[in-house]
Amino acid sequence: MNMMKYKILALLCMVTLCVSAQKNMIDGVVWIVGDNAILRSEIEEQRVRAQFEGTRFAGDPYCIIPEQLAIQKLFLHQAMLDSIFVSDSQVESQVTMRVNYFLSEIGSKEKVEEYFGKPLSQLKDDLRDAVRDQMVMQQMQQKLVSNVTVTPAEVRKFFNRLPQDSIPMVPASVEVQIITMDPIIPAADREATKEKLREMAERVNNGKTDFTILARLYSEDEASAKQGGDLGFFGRGMMVAPFSNVAFSLTEPGKVSRVVETEFGYHIIQLVERRGDRVHCRHILLRPKVSLETKTNTITKLDSIANVIKEGKITFEEAASNFSSDKTSKMNGGIMTNENTGSAKFEMQDLPQEIAKMVNNMNVGDISQPFIMMDEKLGREVFVVVKLKNKTTAHKANFTDDYQQIKQLCEAQKNEEVVNKWIDEKIADTYIYIAPEWRNCTFEHPSWLKEE
């Protein structure tokens, strides 16, 4: 069994839809875990919710769901004893992100309320409870396995014991170096963009225009623009420093800030509300338009840098350090890092589409022609040149070449054993009651069915 099965609870509460339980059922307590009861309606609600979300169960949901809920209660109870908690700002940040996602996907506040069958305020309240429980559970699990380590000898023994048909296939992967260059926008164009924002701020501060209307019409942050520029509550460290510094300097709700420059473009910010160490703000983002001439000049400059590298007058690593605008890779020789794994290896589908298309037909050591790509984080075009540093074909994992992947599998198994042992020990020390009609299940942990 994979430890991730325990985290299906998190998936079930990621989107807390208040889907009503069946009306014609008789409610009642069907499980008791310590002092916590699990109701028939609670199980049914989870089942309907999972069905609505397309979640599939490897077995009877009326057996799987109550066991998941019971495990959740064990984790949350222990977390309370261990004084594990998450801050309101952490919870609020996650709630805001998820609500903004719903709004961007579904289209409007009214449509979201219709979709979930409840007011947005109630949806947020439900999400807060679910998100808090999820985050506490994750911290509790991390605490349980925090001291788990594996030695090279354990990894080798783990690998040698794997049946041949269980040795994983390692997909084809590449390692890529990149030099990113932002176009140099003429000062006049930058000033024109800032002046537009100043005029908007003045109109709002003078009471002539509503900030939310301007944000919907003009902001280039598409996600927040749909919500009138609303960013929800956030803490100081959740935004880039120049933005946070100005947002947290605002004191009068409704007033609009001066123009703020960040790596994303130019902003004006309106304070909505202050609450402790968090602020609720709206913003409008504008970016100067990049002219064809500017694009051509940037491509030409990158092409010159690429040629100097090819001629051997400078290394790619030196060029990345000297010229790249990508803060993440420039001090690492231009090597791109896979945010999902933390390594330099990418499967082709994990690379930005434009880069994957470019390196697909390159040989190791080749340097591409300059090209334009969309930086999803910044939400704007950047100009890049890439080098294919390494390429690995798909193969069955071996101890020499794929030690890190095998080590991760070994650690995952050891973590799972630790968590399983902890759960069984907690079950043994906890009062458990399961109604007779719910005892004919094959549980992941048979110890649930201990004698009462």
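**Entry 1: ground rules**

I count rings of Phe, Tyr and Trp (its six-membered ring) as a pair if their centres lie within 6.5 Å; planes under 30 degrees apart are stacked, over 60 edge-to-face, and the rest tilted. By that rule I get eight aromatic pairs. The model I am looking at is predicted, so I ask for pLDDT of at least 70 for local features and 80 or more for side-chain atom pairs, while totals for chains, interfaces and linings use all residues. I number residues from 1 along each chain as its sequence is written, and side-chain values use heavy atoms, with hydrogens and water left out.

**Entry 2: the ring pairs**

I looked up Trp-31 and Phe-443 to begin with. Their ring centres are 5.4 Å apart and the planes stand at 85°, so I note the pair as edge-to-face. Trp-31 is in strand β1 (residues 29-33) and Phe-443 in the segment after β12 (432-434), so this pair ties together parts 412 residues apart in sequence. My helices (H or I, at least four residues) and strands (E, at least two) are DSSP runs, numbered from the N terminus.

Are Trp-31 and Phe-443 buried or exposed? Both are buried; I use under 20% relative accessible area for buried, over 50% for exposed and partly exposed in between, with a 1.4 Å probe and protein chains only. Ring pairs also bring in Trp-448, making a cluster of Trp-31, Phe-443 and Trp-448.

I then checked Phe-399 and Tyr-403. Their ring centres lie 5.4 Å apart with planes at 85°, so this pair is edge-to-face. Phe-399 is buried at a relative accessible area of 16%, whereas Tyr-403 is partly exposed at 21%.

**Entry 3: the whole chain**

I stepped back for the totals. The protein has 15 helices and twelve strands, and its C-alpha atoms fill a box of roughly 80 × 65 × 35 Å along the principal axes. Of the 452 residues, 43% count as buried. I take a contact as heavy atoms within 4.5 Å. Among contacts with a separation of 6 or more, 65% come from residues 24 or more positions apart.

**Entry 4: helix α9**

Which residues are buried in helix α9 (residues 211-218)? I find Phe-211, Thr-212, Leu-214 and Ala-215. Down the axis of α9 the buried residues fall within an arc of 160°, so they line one face of the helix; the arc is that of the directions from the helix axis to the C-beta atoms. Their cover includes α8 (187-205), α10 (222-225), β7 (265-275) and β8 (278-286).

Leaving aside neighbours within four places in sequence, Thr-212 is in contact with Gly-228 and Arg-282.

**Entry 5: helix α7**

In helix α7 (residues 152-161) I list Val-155, Phe-158 and Phe-159 as the buried residues. They span an arc of only 95° around the axis, which puts them on the same side of α7. I recall that an α-helix has 3.6 residues a turn, so residues three or four places apart point the same way. The buried residues of α7 pack against α15 (403-429). On the other side of α7, Ala-153, Asn-160 and Arg-161 are exposed.

**Entry 6: three loop residues**

Most residues other than glycine have a negative phi. I place Ser-83 in the loop between α3 (61-81) and α4 (88-106), where Ser-83 is exposed at 56% relative accessible area.

Gly-34 sits in the loop between β1 and β2 (36-39) and is partly exposed at 24%. Setting aside neighbours within four places in sequence, I find Gly-34 in contact with Thr-430 and Tyr-431.

Where is Met-348? I find Met-348 in the loop between α13 (316-323) and α14 (353-359), partly exposed at 26% relative accessibility. The C-alpha atoms of Met-348 and Ser-173 are 6.5 Å apart, although 175 residues separate them along the chain. Beyond neighbours within four places in sequence, the contacts of Met-348 are Val-174, Ala-356, Val-359 and Asn-360.
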